[in-house]
Every structure is written in C-alpha cells, then in structure tokens.
Amino acid sequence: MASEVHAFDNFKRHPTPSTSSMPPDKQPWALFKSRLEFKIAELALEACLNNEQTDRLIKFCNRCASRQEKFMFQNHKDIHNMWDAVSHRVTGFTQDVISVSYNDTIQQFNLYYWDLWEWAANLLHNPRLFPHMMSLSLANTFWNVQSQLPPGSKPLVFILYADKTQLSSFGTARGYPVIARLVNLPTDIRNGQGVGGRIHILPQVKEDRDHTSKPSWVNFKNAVWHESFVKILSSLASKSHTGQWFECLDNVQHWFFPFILILSADYEEQCIMSLIRDIKCLWPCTVCLVPHDELMNTLKCYPYRTSAQSQEVLQAAQSKQTAEEKEEKLKEYGLRDLINAFAAVMYTNVHDAFGLYHDHFWVKLLENHWQFGMNKTFPRWQNLKHLAQVMSISFADGSVYEDISKMVIHATHAILTEDECPLGYLLLRCIRLFLELDMYAALQVHTTETISAGRHAIQAFSTYLQQYIDKSADESDKNWNFPKLHMSSHIFDNVEAKGATHNYNTKPNEKMHGPLKDSYLLCTNFRDVAPQILRINHWQVAAESIQRHISDLDEYESQDSEDSEDPDNTDNDLVPSNDTDSPHVKLGSRQVEESFESIEDAHKEHIAFTNFWTKLNEFLTNFLFAIQLPLPASDKVITECRFLKVNYGSMFYGRLHFDLIFGRLLFLFESLVHQFDAPMGVWLRKDKHLNFYRIRARPRAQAEFFSV
C-alpha cells in the first residue's frame, strides 16, 4: 500500500455517520411509570438503600405528593442547617487543644469531647429516662461508695470505655473513641447506641521513627492520653469532692456526687489508664501485684493495687534525688512517672474500676496448634453465626468468638480422641471447662451459689490447663504467661464488686465502632474527620430525641382516638399491663386448613402419622376429660402452625422445678412430638470428660401428642 501524507490539522478520525433516521425513544424509562419513578429507584440503587430504607423513601415520596404536609427543603444545605438548629436541644461537643512537652518542645493536639456533667443533666431532665434513674441495684463497690457519701446525697455513676479502631478496611485512618455511659440507667437503655452513650474522640500521637523505641516517647504518649482525660473529667472532678445540687424533672433538688465506677477496656488500654508499664514489667496486672512469671497461676491470690498506693509510690519516686533512683522506685511497682487523670475524681479507684472479661481468650488456647474447619452440617440456631472455618478469619468481634467457642467442641471431639491425640484431647477438656467458666461469667443474675460455682470452674480450668502446659512443653515453645489468662482469676471478684459482666464488658461499646466507621466512609471528606464524625453523631442523637417525642405524640393521640371510640370503657387505663399474664406459648405462621385424610396422605412415609385421626381422637378424649372440658365439634379439619414461641420462667436452685422432655416437633398444630428419651446405656468416658448429654430417639411409631 502506497504511503500518504496528511496535514496534521486534517489527521483525525472520521466516524461512520449514523444510517438510522429513527427518532429516540420518547419514554426510555419504561417499564417505570414515569421519569420520576425511575429517578427515585435509581437513587435508592445508587445509595445502596436496604429494603426498609427504600420502603421509607417511597412512603415519604407519597406523603409529599399528597401535599398534606409542608416540605420546604431545596438542597443538602437546608437539611444541614436544620440539623444544626435542632441539635441545640442536646449538649454539643467541645473542641480543645492539649499541650504536652517532649524534649523541651511543646506539641499540641486537638481534643473533641462532650461535657459529661451537662450530658448527665440532660438525661436527668429527660421525661422518658428520669423514672428509671434512681433504680440502682449494683454490687459491693457501689455500696461502699454510697456508704461514704453524706446523708441524703445520691451517687451519679459513670462507665468509660476506650479503644482504638480502624475507621476503614483500606487506608490508615484510625479513630480513638471514648464512650461514656451512665450507670444510673437500666442496662438495656445504658448499653444502647443512642441516648445511652456519648462519644468523645482522643488525639493520637503519630509515631516518630527516631523516638518510637524510647521510654520517654512512651511516657509522652501516655501523658497526651491523661492530659486529654483531665479535660474530659474536668466537669466531674470538683463536683465529686463537694457534690452538686441539681433540680431534676421531679422539681426536687438532689445532691449528686459523680464518680467513675467502671473502666471498660482491653488490656492495652487498661495499662494506659492505670499507667502500668505493660506486659514486660515486673508486675504486669492492672488489678493486682502478681509477678510477671506467675501470670499463668490463677489459683493463687496476690495483693490488690489501689489508686492511693500508686499515688504514694509516685510521690516517693518524685522525691528521689536522681533520675536513676526515681526509675528504680517506679520499677518496683511497674508504674510510670505521670500523674493519673482519674486521681482528680473522688471515690474512683482506677485499679478496682476495670471490668475484666475474656471473650477472646479461647483463641489463645487454639492458636499455633492446628487448623480445622466447621462441619457444614452443624445445626443452625437463632442468633448463632455459622462459620465454615474459624482459624483464618480476618476480623471478628467478641460475639463471633463467643459463637465459635460454642461450636468448637462439637466440631472436633470425633477427631481429637483420647487414644489418637491425647494432647489435643486434653486441650478439648480445657476448652470445655473454659466454656463452663464463660457460662457462669455471662449470667445476668448472680447468687452466692452461681459465684461459688464460677470460682470452682476457674479452679478446674486452671488445674487442667496446667496439665496441658506441662505435657505440651516439649512440643511447643508457647509462653503461657499472658495477662488474659491471669485476668480470669479476677472475674468473680469483679462480679461481686461491680455486678454482672454485662455491666462492663466491651461488647456494647464495640458495637459503637460500626456507626463511627459508617460516618467516616459516608459523611466525611477524609480530612480532619474527628469534628465531622462528632457532628454527625450529634445530629443522630438529636434525631433520636425528636423521634422519641414523635412516638410519644403518636401514642398519646392513638390513646385519645381509642377513648373517643369507646367512651364507656373508662377503666382500661387504670388496669396495669402485665406481660406475665400472657400465655407462655404462642403459635404462628398458620397454614390453610387441611383434612385429616390429606395430612395422613402427605406424611404417609412417616410411621408416626399412621392412624393419625384415631390417635388424636384418643388423646383428646383422655386429655379433655382430665381437665374437665367438653369435646370439640368433629369437623375433621385442623390448621398447621409452623412457628412456636415459648416464654420460659426461670428461678435458681430448686425454687422452681421442671420435668424436662427432649423431643423434636414433627407436626405443630397443638402438637405431635417425637420424643428423644430412649435409654442410652452406659455413659461414655468422653461424655463425662466433655460434659456431653446424649439423647436417643424412640421409634417414630411411639410419637405422642401433647397440648401447649
């Protein structure tokens, strides 16, 4: 092909002209009814709205179309301005600057926090919450503080949680939230994600490669943390010494003394809070003076730390003439040369305030030993996460590990047998005893008997774990001297001191990380994110407050409507609602009526349904005669139900007795049951060791009816 020469200005593509003369589609949005309908559906898709959010969007669009309510927003600025206006209904956050010296250079950090006293005052004026405020029922620490207060005064008790979190699964953005909760509120309200907790964001010190490994740099980071907490606690510090009179919603002046009852945190944060030198020091426990080499000995008790003792040690160290003498004195107790921020709050013993829990501990038992998968046929239970494998999960919170611990014994007992793998079998026994310990620790109501049983579980667990450590010493170089193992020895001391573990474990606060991450990903520009996140949180709290008032209004107007429709029924409001009067058993998911013939035909392969009508007739005759009720009309049709809800009554230790029958529901209408109480024979050695209770089904021909 001969070459051609083109001028640069003329060298360009010449697209083929369209040969179609057809006009464009005048309704390209079909099958949508209109362009508006398509744009709303497109917006829901673009924003990844879930089904419930999409339904709400459509509902609001229909309300706008009806023109029964005003809608004046023109753009996002109008909405932002309105949120800023209504957010003044609740306490806003404060931005402050923390100045800390390092190597004779003053470094400054931004701190974003809420005034804890103003926040508590808002809750004391909340008509929904105030009736619950004074119903405190806590354990020994609370009552010890209460007994030290002046007559007529009341404690105002706080929980504080702190933990760093990764704000995004990609990138390096991190947050350091501190969550405050008011113990005076009931647990279900206090542990909620809205009004129950208030978020602060601590500054984070960027690592400096030239100083990271220096003790002075670690002390500097701890100093930034405690200077920040001095600001956060400032509104409580003076009031904790003299008390504060405050007029609550009942128009009565109350004399409040605020203090910190519980600090909920992982071990790393506990070291910062208590100014302990972490796991490498001579006394690494934040609660007691256990030597570093004795962490795995959970059967022995050691002297407890106190804030007063730590302050005395610090004062003695600071009185030394040389830096070397000061350092030696602090090393004797594993403390840092800093003043603890919590010392300013009266009645707060930082070492006694730690809530100790162990929901991640079982992973320590399994790591570096083996990999295994979960059987896919493992039964599915409500609220139980069903995982295909457990040892290589990239992220999990406490609830995931708790679910894994419930399944691991059943997934491995047939593999790790006493004959073929004695060491693995011994580890299984340890895990089983740990699960029993975990069961007692997780109880929401305790008695002296449950606490005693929990302490016995710790002793049994520690004994078998020590056997495993001794026997595996030649096969593994694993160091079992880690704090989480030792912390189990303090669990039931904490229960007696601060109540059930759901008062102070980290799970409710870990759930608050989710909204923070959502705010970061969806509502910030990824620069200077702390004030943006707290602004969104402020709006969310304001929105929840408004929604509660809307719900109150709807309930009030609904009640007025019912009263006007039934003027003779004037006594209904005087009858207290009592959930205990409702039936213990409820049936649901009803199917269409069926004849007995169709039921027998549908289940003809199941011997339990042979002569179904005859068996049912015999059961009803005997049962109704025993309870002196007449036989029902013989219409020979019944309605199958596929949902059964049972509300259990529960009392401790013989005060209420139940005869238990294990069975599987075969057909629920009120109801046919296949009993699992056939004789089992000899109780196997493995079942005794792992506390298994095996059940065996009767022949299906022996299935029985029972009434709910």
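**Entry 1**

I began with His 226, which touches Ile 272, Met 273, Leu 275, Ile 339, Asn 340 and Ala 341 when residues up to four places away in sequence are not counted, contact meaning heavy atoms within 4.5 Å. I noted that this is a predicted model, in which local features need pLDDT of at least 70 and side-chain atom pairs count only at pLDDT 80 or more, while totals for chains, interfaces and linings use all residues. Residues are numbered from 1 along each chain as its sequence is written, and side-chain values use heavy atoms, with hydrogens and water left out.

I placed His 226 in helix H8, where helices (H or I, at least four residues) and strands (E, at least two) are DSSP runs numbered from the N terminus. At 3% relative accessibility, His 226 counts as buried; the cut-offs are under 20% relative accessible area for buried, over 50% for exposed and partly exposed in between, with a 1.4 Å probe and protein chains only.

**Entry 1: the chain as a whole**

I then looked up the totals: the protein chain has 24 helices and 15 strands, and 40% of its 708 residues count as buried. Among the contacts with a separation of 6 or more, 67% are accounted for by residues 24 or more positions apart.

**Entry 2: the nonpolar cores**

Which residues have the most contacts inside the largest nonpolar core? I found Phe 158, Trp 225, Phe 229, Ile 260, Leu 263, Phe 342 and Phe 492, in a core of 102 residues, a nonpolar core being a set of buried Ala, Val, Leu, Ile, Met, Phe, Trp, Tyr and Cys residues joined through side-chain atoms within 4.5 Å. Helix H15 (residues 422-442) gives the largest share of this core, 12 residues. A second, separate core has 14 residues, including Tyr 161, Ile 201, Ala 530 and Ile 533.

For Trp 225, again not counting residues up to four places away in sequence, I listed Ala 162, Tyr 176, Leu 202, Ile 272, Met 273 and Phe 342 as the residues touched.

S3 pairs with S9 in the parallel sense over 9 bridges, where two strands pair if DSSP finds at least two bridges between them; Leu 156 has Pro 258 in S9 as its bridge partner. S3 and strand S6 (residues 177-182) run antiparallel and are joined by 5 bridges, and Tyr 161 stands opposite Ile 179 in S6.

In helix H9 (residues 234-242), I noted Ser 235, Leu 236, Ala 237, Lys 239 and Ser 240 as the buried residues. Their cover includes helix H4 (116-124), strand S3 (153-162), helix H8 (215-232), strand S8 (244-247) and strand S9 (253-264). Just after H9, Gly 243 takes a positive phi of about 80°.

**Entry 3: helix H18 and its two partners**

I compared how H18 (residues 491-498) meets two helices, taking axes as lines fitted to C-alpha atoms over the stretch in contact, and angles from 0 to 180 degrees between N-to-C directions.

Helix H6 (residues 140-148) packs on H18 at an angle of about 40°, with the axes 4 Å apart. H6 and H18 are therefore oblique to each other; angles under 35 degrees count as roughly parallel, over 145 as roughly antiparallel, 65 to 115 as roughly perpendicular and the rest as oblique. Asn 140, Thr 141 and Phe 142 in H6 meet Glu 496, Ala 497 and Lys 498 in H18.

Helix H16 (residues 448-471) and H18 have axes that come within 9 Å and cross at roughly 160°, and the two are therefore roughly antiparallel to each other. On H16 the contact is made by Ile 451, Gly 454, Arg 455 and Ile 458, and on H18 by Phe 492, Asp 493, Val 495 and Glu 496.

Buried, partly exposed or exposed: how does His 132 count? At 34% relative accessibility, His 132 counts as partly exposed, and I located His 132 in helix H5 (residues 130-133). Leaving aside neighbours within four places in sequence, His 132 is in contact with Asn 184, Pro 186 and Ile 189. Glu 268, in helix H10 (residues 267-274), counts as exposed at 53% relative accessibility.
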